[in-house]
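Hello,

Here is the structure I promised to pass on. Please open it first, then read my notes below.

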Amino acid sequence: MRIFDGKVYRDMTPEEEAIAQEECRKVEAEYWLNTPYDELVDSEIRKRYSASQEFAILRQKDEKPEEYAEYYAYCEECKTYVKEKKRLQEETKSNEEETT
């Protein structure tokens, strides 16, 4: 990874890179631990569907059952993913607290 060091760009040392990666991991962990479940699920769903797309699918679920089934399955995947990600982050935090 390249960084700006005063007047020039240079490669990070392995130590600097390790520190940067650890900081990124901490920021990600804090995000997953502190963001409410519903907001995380909504964020994951928004990666594929906008709010207006969701409303359209819901309005037309009887006319387009296949599209609704695909949407519903994706929402369930998002919920499962978020639950697992939060569980892993909480487990990691608990393990870190035990070792310190």
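Start at E44 and look at what surrounds it. Leaving aside neighbours within four places in sequence, E44 is in contact with W32, Y74, C78, Y81 and V82. Keep in mind that this is a predicted model.

E44 sits in helix α2, which covers residues 37–46. Is E44 buried or exposed? Its relative accessible area is 11%. The cut-off for buried is under 20%, so E44 counts as buried.

E44 also has a charged partner. Its side chain and that of K47 are joined by a polar contact of 3.0 Å. The pair qualifies as a salt bridge too, at 3.0 Å from N to O. The two ends sit in contrasting surroundings. K47 is exposed, at 60% relative accessibility, whereas E44 is buried, at 11%.

**Helix α2**

The buried residues of α2 are L40, V41, E44 and I45. Where do they fall when you look down the axis of α2? They lie within an arc of 135°, so they line one face of the helix.

**Salt bridges**

How many salt bridges are there? The count comes to 13. The bridge between K47 and E44 is one of them. Here are two others to look at.

- D5 and R10 form a salt bridge, with their closest N and O atoms 2.8 Å apart. D5 is partly exposed, with a relative accessible area of 42%. R10 is partly exposed as well, at 24%.
- K79 and E76 form a salt bridge, with 3.1 Å between the closest N and O atoms. Both belong to helix α4 (residues 65–99). They are three residues apart there, which means that about one helical turn separates them. K79 is partly exposed, with a relative accessible area of 29%. E76 is partly exposed too, with 28%.

A network of salt bridges links D5, R10 and E16.

**The whole protein**

Now zoom out. Which elements does the protein have? It has four helices and two strands. From the N terminus on, they run β-β-α-α-α-α.

Next, the overall dimensions. The protein has a radius of gyration of 20 Å. For a compact globule of 100 residues, the value would be near 13 Å. The C-alpha atoms fill a box of roughly 60 × 40 × 20 Å along the principal axes.

How much of the protein is buried? Of its 100 residues, 19% count as buried. E44 is among the buried residues. The protein exposes about 7,700 Å². Carbon and sulfur atoms supply 53% of that area.

One last figure concerns contacts along the chain. Take the contacts between residues at least 6 apart in sequence. Of these, 52% join residues at least 24 apart.

If you have time for one view, go back to E44. You will find a buried residue in helix α2, with a salt bridge to K47 and contacts that include W32 and Y74.

Best wishes

Notes. Residues numbered from 1 in each chain as written. Predicted model: local features only at pLDDT ≥ 70, side-chain atom pairs only at ≥ 80, totals over all residues. Heavy atoms only, no water. Buried < 20%, exposed > 50% of the residue type's maximum accessible area, 1.4 Å probe, protein only. Polar contact = N/O pair within 3.5 Å; in protein donor to acceptor, adjacent residues only side chain to side chain. Contact = heavy atoms within 4.5 Å. Salt bridge = Lys/Arg side-chain N within 4 Å of Asp/Glu carboxyl O. Rg over C-alpha atoms; globule rule 2.2 N^0.38 Å. Areas by Shrake-Rupley, 256 points an atom, 1.4 Å probe, with all protein chains shown as cover. Arc of directions from axis to C-beta.
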